[in-house]
Every structure is written in structure tokens, then in C-alpha cells.
Amino acid sequence: MTILKLAVRNLLGGGMKSWLNAGVLSLAFVTIIWAQGLYQGMDQQVSRTLIDAAVGGGQYWVEGYDPYDPFTLQDAHLKLTGRLDELAKSGEAAPVLIVQGTIYPNGRVQAALLKGIDPEQKVLMFPSSSLKNSDDEIPALIGSRMAQSTGLKLGDTVTVRWRDVHGTFDAQDLQIVQVMTTSVQAIDVGQIWVPLKRLEEMAGVDNEATIVVLKKGLGQAGDFPGWTFRDLDFLLQDIRQIVRSKTIGASIFYAFLLFMAMLAVFNTQVLSIFRRRKEIGTLMALGMTRGKVIILFTVEGALYAVLAAVIGAVYGIPLVAYFATRGWPLPAGTSDSFGLALSEKLFPTYSARLVIGTTVLVFIITTIVSFLPTRKIARLKPTDALRGRLS
Amino acid sequence: MDDSVLVKTVDLVKVYPMGDQKLIALNHVNLILRKGEFAGLVGPSGSGKTTLLNIIGSLDSPTQGSAEVLGEKVEALTHRKAAELRNKHIGFIFQTFNLLPVYTVYENVEFPLLLLDQSASQRKKAVLAALEWVHLADRARSKPPQLSGGESQRVAVARAMVKRPDLVLADEPTANLDAENSHHILDTMEDLNRELGTTFLFSTHDQKVIEHLRRKISLVDGRIAKDETIDAENRRKRP
């Protein structure tokens with residue numbers, strides 16, 4: 001307790017030097033927490049958007065279906081029976097039939113996945129209801145990215161060719177009834193959404209699906225032969241991996257920032273021990289052991305982290321609170337470049353774990369950095385110290 | 001050891017290596033200092049005064065021989081034990097005052113008591129009493145840079161005396177003071193010596209200090225050349 005009191009007195013007595021060091025350290029503090037919160041918010045935002053628009057509460061996939069292998073699509077469809085059929089009929093699940101097709105926009109040939117979904121479904125939050133109104137042509141819903149890559153726009157008609165379950169090729173015109181704007185590339189790029197029943201007719205199947213998306217919060221409904229359950233951990237793993245890799249990239253920046261702050265603390269400690277040799281000698285003459293002097297200087301250094309946390313809280317809390325409520329606007333058109341379902345604004349989230357974890361980490365590193373130069377004191381003779389010399 | 005003996009050195013030798021050479025700072029010094037003495041080690045620079053003071057203060061250890069302080073053999077003390085001895089029984093007064101710059105006068109005087117883990121009320125009582133002795137109670141909140149040289153040394157005296165040590169070691173305490181302040185400080189120390197019975201040992205070549213001593217131990221080239229008791233008649237006439 002005495003040492004702590006003395007260290008606080010010394011630190012505050014250090015004047016501008018102490019405040020500058022703590023200020024630099026607080027910058028590192030706030031930046032780390034702010035940026036980590038941004039990535040944490042990004043992770044949560046991406047996961048939430050993906051769950052709402054594409055993933056739901058989990059999915060059943062027909063065995064053998066591989067979204068990265070279009071050759072698996074030919075056989076990736078199975079009749080809905082039993083509990084799975086009940087879930088679909090009660091609106092707790094949305095069956096999606098996927099058929100490989102080819103479209104011919106403006107005379108060009110382009111591969112596209114035809115995805116059939118019930119226009120009445122409420123499981124996924126995207127405008128499938130626009131597929132309700134259909135006349136002779138098949139209504140089609142596409143995303144803005146798909147519209148941009150194909151040159152299609154609202155009201156356009158495009159020919160689509162596909163192969164049914166018997167291997168017979170057929171073709172028909174689709175009419176674009178809506179171009180949706182979504183941050184989720186997984187329901188946009190290379191995809192055309194059509195009514196499930198129409199796609200079943202086109203593919204020559206009845207009440208069959210490739211995947212069944214469960215309502216959010218439902219979880220696994222049981223084991224069904226021919227179907228494999230994919231939980232959220234599986235379905236979100238790619239996106240989380242991307243966020244993680246971006247977080248690791250950002251960590252290099254934090255490490256650099258922290259390194260600069262630690263350099264300031266280390267430098268101050270070295271200088272402090274050099275300039276305060278006589279004081280160290282006096283402390284020893286007054287009866288302080290070398291161990292206590294080392295602890296005193298280490299605690300003094302470690303207190304920079306405490307002071308930095310206080311300073312950081314003064315300007316950091318309003319700053320992070322502002323961005324947490326107002327969001328961090330991404331420059332126009334950059335949200336797609338992340339490869340994630342990002343909206344135009346990122347909303348950082350700051351968990352207690354993040355704040356406490358960062359504080360503890362900075363405190364431990366500062367304490368170690370503060371301790372290293374004090375080892376010199378262990379070799380210091382009181383008589384040399386009193387003369388202002390370092391042994 | 002006789003109860004009244006505070007310090008006893010026997011054939012004390014201190015040698016400093018100087019490259020290939022050796023500097024003999026103390027050469028077989030035999031000295032006994034008793035309770036309540038007001039003594040000084042006198043001699044020119046390099047005669048070994050400060051070295052002897054440092055060994056008696058357990059800040060340094062002898063190369064050879066023995067130094068017994070308050071029943072503890074300095075040469076056998078660990079760093080921790082030596083610190084404990086200084087903390088509990090020895091007060092230091094330095095030529096350059098050595099006050100802790102970021103602390104107030106009160107905090108500087110309080111410091112030794114913090115190390116002794118005394119309670120806040122005990123500390124307050126002792127610090128105020130010590131500041132009264134040196135007539136600095138009104139400067140308790142000042143910081144060292146705001147004090148004159150004389151005031152700083154009085155704070156140092158209060159800091160050395162606050163824990164009521166058995167022995168006070170003063171290394172050239174008046175070297176940075178003018179004549180008036182020097183006499184004032186020395187008068188204060190003499191008063192404390194008389195009133196509290198604290199033993200004082202000076203290291204000095206200042207005539208003003210020598211005039212106040214009751215025992216003068218002259219050192220030359222690391223040896224005690226003369227050890228004389230000065231009676232009241234031969235001491236400086238006090239105003």
C-alpha cells in the first residue's frame with residue numbers, strides 16, 4: 001500500500017512527462033478497443049445479415065450437395081417428407097430448389113443458378129413476395145450485383161436454358177420483376193430467384209428441394225435420411241474466417257501502436273533510473289530495500305497503464321459511444337470489396353470482454369516493460385547511487 | 001559489548017580497486033562511539049571520512065576487519081538486514097540534502113515512518129513534532145524547490161530525527177550552507193542531541209562544525225591520527 005501511494009505521488013509529481021506518456025499509451029488503448037470493436041461489430045453485423053437473408057437458423061442439405069461444385073446439382077434434389085415437409089408447410093422452413101442454368105442476356109452466354117423459393121415464405125428476409133404475381137413468363141428476382149454483371153434491369157426479359165431431371169434441355173423466358181439491393185452476396189451474385197413451383201415444373205420434380213432453410217432460432221429438427229444438417233457454425237465459418245483474417249491483419253497495426261507506446265514507457269523508465277540515481281541512493285539510505293525500490297519503479301511504470309486507461313476513458317468512451325450509435329460510414333462502393341455482407345455503415349460493438357481484456361493486456365505489457373530497466377537497480381550500490389553514479 | 005557502545009570498529013580496512021592499483025581508503029581503523037556522543041570525523045578530502053561513515057551506516061561493507069553497529073556486524077549483514085538497520089536505528093543527513101523532489105516537506109519527513117509501517121496518527125504526531133524541532137511547521141506543504149538551502153537542510157535534519165534513531169550520520173552537513181545557516185543547523189542538532197540523547201557522528205572539514213563538536217576524530221590517509229575530547233571551555237562560545 002505504501003509503495004502504491006509513493007508510486008502515485010512520484011507519477012503525478014512527474015508532471016508533463018507522466019501525462020505525455022500516459023497520453024500516448026491511451027491512444028494505443030482507445031485505438032485497439034475502437035478498432036477491435038469495429039471488427040467485432042462487423043462480425044456480428046455480417047453474421048446477423050447472413051442469418052436473416054441466407055442462412056436462417058440452420059439448413060438441411062441433400063446429401064452430396066456441394067455449393068462449390070456445380071456438377072453435384074444435377075442429382076442434388078430430394079422429396080420433402082415427414083417432419084421436414086411439415087416444417088415447410090407450416091412456414092417454419094423454406095425449401096429451396098437449385099438448378100444449374102444458362103442465361104443469354106444481350107446475346108451473351110452466362111451461367112446462373114436458378115433458385116426456386118416459395119414467394120409466401122417468411123423464413124428468409126428478402127423480397128420473395130415479388131415473385132407472387134406471374135403471368136405467362138416466369139417472374140425472376142435478381143440482386144443488384146447480378147443486374148450489373150448481366151446488364152439486366154427491371155422489366156427485362158431474358159432467356160434461360162436448363163436441364164431437367166431426365167437430362168433434357170429446355171428453354172424459356174424469364175421476366176425480371178424486381179432488382180433487390182442487398183449486402184448479402186450469397187443471395188445475389190450469379191443467382192436468379194424464381195417461384196419454387198415454377199422451378200419444380202421446369203426441372204420435372206414435385207415437392208423436392210436441394211436445401212431446406214430453417215427459421216431463425218429453430219435449430220436442428222431431427223435426423224432425416226438423405227439430408228445432412230448444417231448448423232450456423234458450419235454455414236458461417238467462411239465469413240468468420242474472413243473476419244478473423246482481417247482482424248489478424250489489423251493486429252499488426254495494434255502491435256505497432258503498442259510497441260511505440262511501450263518504447264515511450266521503456267525510455268522513460270531508463271531515463272528515470274538514470275536521472276534519479278541519487279534519489280534511489282537516498283531511498284536505500286532511508287531503509288528501503290533494493291527489492292522495494294525495484295517494486296516502486298515498476299509500479300510507477302505500470303501506473304502509466306492505469307493513468308492511460310483513465311485518460312482513454314475520458315475521450316474514448318464518448319468516441320466509441322458515438323460510433324456505436326451512429327455507425328462508421330464506409331466510403332461509397334467499398335462495402336463489396338471486403339467480400340462480406342457489409343452494409344454502408346458499420347456499427348461497432350464493445351463487449352466487457354474486449355474492454356477488460358485489452359486493459360489487462362496493456363497493463364501486463366506495461367508492467368513487464370517497466371520492470372526490465374529496473375533490474376539495473378539490483379546491481380546498484382547505495383554509496384554509488386548517493387554519489388549519482390550507476391555501478 | 002558495553003551497553004553504552006553504539007559503534008565499534010576493529011582493524012577496519014577498506015580498499016578500492018583503481019584499475020591495476022588499489023586505493024586504501026581506511027587502514028586499520030579502531031574506533032568506539034558511545035551513546036549520546038556529538039562527534040566528528042575530521043580531515044582533508046580523501047582521508048576516509050565518508051568511507052568510514054558509509055560503513056558505519058551499513059551503506060558499504062569493509063574489505064577487512066569488523067564494524068559493529070548497535071550489536072550488528074556490518075560485514076555480515078544481508079542487503080535486507082542492512083536496510084532494516086538503517087530504517088530502524090540510523091538517520092542520515094547529506095551534504096546536498098537529498099530531499100525527495102516531488103514530495104512536500106511533510107511527506108519528506110514522513111517517509112522514514114512510512115517504511116516503518118506506523119499508523120497515520122502516529123506518523124502525523126511524529127512529523128509535526130520533528131518539524132517543530134527545526135522550526136519549519138509553517139512550511140509543511142512546501143516542496144523542496146521552494147526552500148532555501150538552510151531550510152532544506154533543516155528538513156533533512158527533521159527527516160533524520162523523526163523516527164528517533166539511535167545514531168545520526170551527517171556527511172558534510174554544512175558544506176552547502178552559509179555561516180548563519182550552518183550555526184543554526186548545528187545548534188538545532190546539538191539541542192536534539194541534548195534533549196533526545198541521540199548520538200551524532202559528522203564527517204567534516206568545516207571549521208564551523210568542528211567548533212560545535214565534543215569529540216574530534218582526525219583522520220589522515222585512512223588512519224586515525226588523533227582522537228580528542230573537547231571540553232566546554234574550548235568549544236565555541238555560543239551566543
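Which domains is chain A divided into?

1. Two of them: domain 1 covers 2-52 + 239-386, and domain 2 covers 59-230. Bear in mind as you read that this is a predicted model. Taken over C-alpha atoms, the centres of domain 1 and domain 2 of chain A are 51 Å apart.

2. Have a look at helix 9 (residues 290-326) and helix 10 (residues 352-378) of chain A. Their axes sit 8 Å apart, and the two helices pack at an angle of about 150°. Angles over 145 degrees count as roughly antiparallel, so helix 9 of chain A is roughly antiparallel to helix 10 of chain A. The crossing of this pair is right-handed.

3. Now the residues behind that packing. Helix 9 of chain A brings, among others, A:Arg290, A:Val293, A:Ile294, A:Phe297 and A:Tyr304. By class, the contact of helix 9 with helix 10 of chain A comes to 13 nonpolar, seven polar and one charged.

4. Helix 9 of chain A also meets helix 2 (residues 16-55) of chain A. Here the axes come within 7 Å and cross at roughly 50°, which makes helix 2 of chain A oblique to helix 9 of chain A. This crossing, too, is right-handed.

5. What does each side give to the contact of helix 2 with helix 9 of chain A? From helix 2 of chain A come residues including A:Ser18, A:Asn21, A:Leu25, A:Phe29, A:Ile33 and A:Trp34. From helix 9 of chain A, the list includes A:Leu307, A:Ile311, A:Gly312, A:Gly316, A:Leu319 and A:Val320.

6. On to the contact between the chains. Chain B puts in 18 residues and chain A puts in 16 residues. On the side of chain B that touches chain A, the elements giving two or more residues are helix 2 (79-89) and helix 3 (105-115) of chain B. Helix 2 of chain B gives the most, with six residues. Mind the numbering here: helix 2 of chain B spans 79-89, while helix 2 of chain A spans residues 16-55.

7. How does the side of chain B that touches chain A divide by class? That side has 10 nonpolar, four polar and four charged residues.

Note on methods:
Residues are numbered from 1 along each chain as its sequence is written. Chains are lettered from A and ligands numbered from 1 in the order in which they are written. This is a predicted model: local features need pLDDT of at least 70, side-chain atom pairs count only at pLDDT 80 or more; totals for chains, interfaces and linings use all residues. Two residues are in contact if their C-beta atoms, placed from the backbone, lie within 7 Å. Helices (H or I, at least four residues) and strands (E, at least two) are DSSP runs, numbered from the N terminus. Ala, Val, Leu, Ile, Met, Phe, Trp, Tyr, Cys and Pro count as nonpolar, Asp, Glu, Lys and Arg as charged, and the others, Gly among them, as polar. Domain bounds come from an automatic or database domain assignment. Axes are lines fitted to C-alpha atoms, for helices over the stretch in contact, and angles run from 0 to 180 degrees between N-to-C directions. Angles under 35 degrees count as roughly parallel, over 145 as roughly antiparallel, 65 to 115 as roughly perpendicular and the rest as oblique. A crossing is left-handed if the near helix is turned anticlockwise from the far one by less than a right angle, and right-handed if clockwise.
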